[in-house]
Amino acid sequence: MSLLVVGLSHRSAPVSVLERASLAAGTQTELLRDTLAAEPAVEAAVLATCNRIELYADVDKFHAGVAELSMQLARHSGVGLDELTPYLYVHYEDRAVHHLFSVACGLDSMVVGEGQILGQIKDALALGQELHTAGRLLNDLFQQALRVGKRAHSETGIDRAGQSLVTFGLEQLAEGRDPGVWAKGKRALVIGAGSMSSLAAATLARTGVAEIVVANRTRARADRLVEILGQAGGTGVVARAVEMAAVADELTRADVVVSCTGATGLVLSAEAVAGALGLDFDSAEEAPDAPSAAPPADLDQHAAWVENGSATATAQAQAVRRVTLPAQSTGPVRLALLDLAMPRDIDGGAGRLDGVRLVDIESLAEASADAPMAADVDQVRTIVADEVAAFGAAQRAAHITPTVVALRTMAAGVVAGEIARLDGRLPDLDEKQRAEISQTVRRVVDKLLHAPTVRVKQLASEPGGAGYADALRELFDLDPQTVAAVSRADLNDPNRGRS
C-alpha cells in the first residue's frame with residue numbers, strides 16, 4: 001500500500017485561500033483524470049467540501065507523488081503552487097488512513113462530530129467509481145471510512161459534541177438565544193437546492209420558521225425541495241419555489257437568508273441587500289486616471305487581490321469603488337444572512353450594513369475554535385486507532401493473497417499431473433480406487449500447505465510483513481505472471497468497489 005493524501009483545510013489554510021481554491025464538480029472530474037494521466041498515481045479520489053480539498057492517490061513514489069499531486073491541486077484550483085504550498089499537508093500510508101478515518105468521524109471538521117461529512121465522503125467515492133479512478137485501494141479505504149464514521153456515531157456520543165454547519169450557523173445568528181425561539185414565525189429565503197441548502201431548509205422547518213422560499217437556477221430542483229418540505233409532517237411550514245430572478249423581491253420580505261450555491265461569483269451583493277432594506281448605498285466615487293484593468297468590486301475580494309497583486313497594486317487599488325459602510329452592523333437585526341458557500345455567495349460588505357447580521361464560513365471557523373469538546377471524542381479517537389491498525393493489517397494480508405492463490409494453483413497443477421501419470425502407469429484402476437488415490441494426494445498437499453500459508457498471511461498482516469510475498473514466490477519459484485493474473489482478476493471483479 002502506497003496511499004498518499006495532499007490537501008488543505010480550515011485547519012491549515014485561511015478561509016480566503018480555501019475560498020479561492022474551491023473546486024466545482026466539473027473541475028473535480030478534470031483533476032482526477034489529469035492526476036491519473038500523469039505518473040506516479042495509479043488511483044485517485046478527491047474529497048472537496050466547503051472547508052477542505054484533499055486529493056487521495058495510490059502512488060509508487062512518495063516524493064514524486066507529493067510533487068505531482070500538489071501541482072495538480074494548484075493547476076485545477078487556480079491558486080499558484082508557490083502560494084498554495086505553505087498551506088498544504090501531506091499524509092502517507094497509515095497516517096493517510098488515520099486522517100481519512102478521523103475526517104469520517106467528524107474529528108477534523110470545523111464543527112467537531114458533525115455527520116454531514118459522511119455524505120461527502122460517499123459522494124467522493126461515487127465520483128471515483130463513476131470515472132474509474134478509484135481502484136482496489138481507494139475503494140476499500142473510502143468504504144471502510146464510511147463504516148468507521150457510522151460506527152463512531154452509533155457507539156459513542158460524538159453526536160452530542162457535533163452538529164451540522166447549518167445548525168451551528170443558526171446558533172451563531174441567534175447570538176446565544178434558543179434557535180427555536182429566535183426563528184419562530186420568521187420568513188426564510190433559501191438560495192440553492194443542493195445537499196447543503198436542502199439540509200438548511202429542513203433545519204429551518206424543524207426550527208419553527210413560518211415560511212420558506214426556495215430559489216434555484218434550476219427551477220425543477222427548487223420545486224422538488226419544496227415538495228419534500230411539504231411532505232415533512234408536523235412542521236407546519238409554508239414552502240414555495242421561485243426563480244432566481246425573484247430573489248431581489250423576496251429579500252424585501254425575508255427575515256433570514258441561507259445561501260449555498262455552486263456559483264463562482266457573488267449571488268448577493270451588498271448593494272442588493274442594502275436596496276432590499278431601503279438603505280442608501282454610495283458606490284459611485286472612482287479615482288481619476290483609473291487603470292483599464294479594474295480590480296474586483298467586492299471589498300473582501302479586493303483585499304485579497306491587493307495582497308497578492310503585482311507591483312502596480314498600490315496604484316490600481318486607488319480605483320476600487322468606495323462603499324459607504326459602517327465598520328460593523330449596528331442596531332437591531334432586521335435581516336440575518338447565513339452564507340455556507342465556498343467560494344462565498346454573499347458579499348462580505350453586507351454584514352457591515354446597519355441592521356444586518358452576516359455569518360459565513362470564516363466566522364463559523366472562528367466561533368468553532370472555542371467550541372467545547374465532548375468527552376466521547378477520546379473514545380472516537382480510540383476507535384479510529386483500532387480501525388487504522390485493522391485496515392493496515394487487512395491490506396497487508398490482501399497483498400499476499402494472490403501469491404498464496406498462485407501457490408495453491410501450482411500445487412493443484414502438480415497433483416493433476418501426477419494423477420494423470422498414475423493413470424498411464426496403472427490403467428486398470430477402477431473409478432473408486434482412482435478417486436480414493438486422488439483424494440489422498442490432494443489431502444496430503446493441502447495439509448502440507450495449510451500451516452505455512454496461514455502463517456505467512458499472519459506474518460504479512462504485521463507491520464513490515466510485505467516481504468513475505470516475495471519470499472514465498474522465490475521459495476516456490478512461482479511464475480510472476482500467474483501472481484499478476486490473480487491480482488488482475490481480483491481487481492476486475494464486478495462486485496468489488498461498490499458502496
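H76 is buried, with a relative accessible area of 13% (buried means under 20% relative accessible area, exposed over 50% and partly exposed in between, with a 1.4 Å probe and protein chains only). The model is predicted; local features need pLDDT of at least 70, side-chain atom pairs count only at pLDDT 80 or more, and totals for chains, interfaces and linings use all residues. Residues are numbered from 1 along each chain as its sequence is written, and side-chain values use heavy atoms, with hydrogens and water left out.

H76 lies in helix α3, residues 62-77. Helices (H or I, at least four residues) and strands (E, at least two) are DSSP runs, numbered from the N terminus. The H76 side chain forms a polar contact with the side chain of D34, at 2.9 Å. Such a contact is a pair of N or O atoms within 3.5 Å; within protein, one must be able to donate a hydrogen and the other to accept it, and residues adjacent in sequence count only if both atoms are side-chain atoms. Leaving aside residues up to four places away in sequence, H76 touches L23, T27, E30, L31 and D34 (contact means heavy atoms within 4.5 Å).

Strand β9 spans residues 335-339. Of its 5 residues, 5 are buried, so β9 is largely enclosed by the rest of the structure. Both faces are covered. L335, L337 and D339 are buried on one side, A336 and L338 on the other.

Strands β8 (residues 256-259) and β9 run parallel, joined by 4 bridges. Two strands pair if DSSP finds at least two bridges between them. V256 has A336 of β9 as its bridge partner. Strand β10 (residues 356-360) also runs parallel to β9, with 5 bridges. Here L335 stands opposite V356.
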